[in-house]
Amino acid sequence: MVKGTKYLFDIFKVFGLATMSMTDCTKKNNFKNRKMFSYSYHGIIYNGVLICFLIIAGIYKMYYIRDKLIDQSRMSEVIDVFGNFIIYAVSVVLLSKYMISQTLAVRIGNNLYSINLVLKRFNLKYKNQYMIMHYKLVLLFDITIWLGVIIIGSFSDCTFIAAILTYIPNFIINCLVIQYVVIIIFIYGEAKALNNQLRKYVDRAFSNTLLYQFRRPVLSVHYYLPENNEIILLQKSCLSIYEVSNNVSKFYSLSILICIVKLFFSIILNTYFFLKPSIFGKSMITSTMNHVWSISWLTLDTFSLCILTQYITMTVNEIKKTGDIVHQILRHSTSLGVIKQLNNFSLHLLHKNIQFTAMDMFSLDCTLLHSIVGSITTYLVILIQFQENSSEKHKP
């Protein structure tokens, strides 16, 4: 698990999405050799160099599009230039965000690792296996789609340099979405592990109630019910999950907003190029491989949007289950100390709310997909109407 995290961290660092450093630190507590994140000036300098490269590459790419555009339609030229401008602008803003907000990123990384260390006390081995399975699935699908995009792109009309200049900013944007999803999966795994541990206490409390009903007080109450220190530990872990979730939402709020804007326009444009031959005739196809290339980009953008909204919905629903489980334990508890601590736990949860948003404009759950589908349909109709008007003007 630690090695996998280190590999992912290195990949994110290459694309400028991890400006902090990852080091081994020893604390004077029960945990030794803790893997911690710390502030790094080298990461800021590296991102500054990447930003300069992206600005130069973006300017070159837009001039390249104007000179080498095969389709001489003014509408297609505007769409291509505008699409590439969005991609490079989003990439520059993302890298700048990591330079400015590195302190918050370090705090989030350290808090996530601390929560993981605390829950390790309960020997929840299945937790790591569950998270690793989801990590592998997400990365496998993402890498497979990227390989398809690159292989198909090599057979298209796009030159090698133009293809590289297209891949780099899209790699950065896709890596940010994957990074967000990886952190959300981690939070989901921690919340699920905490809830599973609490469910064990529900079963014990229920068994203890049955013993009292049948007047068989053979076993100790403490065997069936959690000790107060265990409840306190789980309560602190739960509150830490709420806190780190809010920090994650705050840190990625602007970044994920502009990423969704990019994905939104990218899906519209690739869907438009995919449907254009069916609507205006096969003569609108510049190349079969270019047509297939648009489909591969559409698949990548749709996949990024779907996994983001799906895992956020799963995580929010899992975190909300904690309150119900605590009340189930309360209904069957008989120890006054445990009841007092659980009431305190429940009171804290009552004042907590978890929500992942994009600058508080909209929630990043599955309802976002419904809104985007409706909006894409509307804008596609507008683009098709503009294309029809443009084609009529160019007729002799």
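L8 is buried in this predicted model, with a relative accessible area of 15%. That value falls under the 20% cut-off, so L8 counts as buried. The residue lies in helix α1, which covers residues 2-14. Leaving aside residues up to four places away in sequence, L8 touches L139 and V182.

The overall architecture was examined next. The protein has eleven helices and two strands. From the N terminus on, the order of elements is α-β-β-α-α-α-α-α-α-α-α-α-α. Of the 396 residues, 51% count as buried. The accessible surface of the protein comes to about 20300 Å². Carbon and sulfur atoms hold 64% of that surface. Contacts were also sorted by distance along the chain. Among contacts with a separation of 6 or more, 82% join residues 24 or more positions apart.

The largest nonpolar core has 105 residues. Within this core, the residues with the most contacts are Y180, L198, V248 and I256. Helix α6 gives the most to the core, with 22 residues. Y180 illustrates the packing. Not counting residues up to four places away in sequence, Y180 touches V248, S249, Y252, I256, L308, I312, F356 and L364. Two of these partners, V248 and I256, are themselves among the residues with the most contacts in the core.

Helix α6, residues 160-213, gives the most to the patch, with three residues. Y60 lies in helix α2, which covers residues 41-68. At 43% relative accessibility, Y60 counts as partly exposed. This class lies between the 20% and 50% cut-offs, which is why Y60 is neither buried nor exposed.

Charged pairs were searched for across the whole structure, and two salt bridges were found. Side chains of opposite charge can pair when their charged atoms come close. D301 counts as buried, at 2% relative accessibility. K262 is buried as well, with a relative accessible area of 3%.

The other salt bridge joins the side chains of E318 and K321, at 3.5 Å from N to O. Here both residues lie in helix α9, three residues apart, or about one turn of the helix. E318 counts as buried, at 2% relative accessibility. K321, in contrast, is partly exposed, with a relative accessible area of 36%.

Database annotation was compared with the model. An unreviewed UniProt entry lists several spans as "transmembrane region", including residues 139-165, 251-275 and 295-313. In the model, residues 251-275 are 100% helix and 0% strand. The end C-alpha atoms of that span lie 37 Å apart. Residues 295-313 are likewise 100% helix and 0% strand. Their end C-alpha atoms lie 27 Å apart.

Terms used: Residues are numbered from 1 along each chain as its sequence is written. This is a predicted model: local features need pLDDT of at least 70, side-chain atom pairs count only at pLDDT 80 or more; totals for chains, interfaces and linings use all residues. Side-chain values use heavy atoms; hydrogens and water are left out. Helices (H or I, at least four residues) and strands (E, at least two) are DSSP runs, numbered from the N terminus. Buried means under 20% relative accessible area, exposed over 50%, partly exposed in between (1.4 Å probe, protein chains only). A nonpolar core is a set of buried Ala, Val, Leu, Ile, Met, Phe, Trp, Tyr and Cys residues joined through side-chain atoms within 4.5 Å. Contact means heavy atoms within 4.5 Å. UniProt positions are given in the numbering used here, feature names are shortened, and annotations may be inferred rather than shown by experiment. Accessible areas come from the Shrake-Rupley method with a 1.4 Å probe; for residues, only the protein chains shown count as cover. A salt bridge is a side-chain nitrogen of Lys or Arg within 4 Å of a carboxyl oxygen of Asp or Glu.
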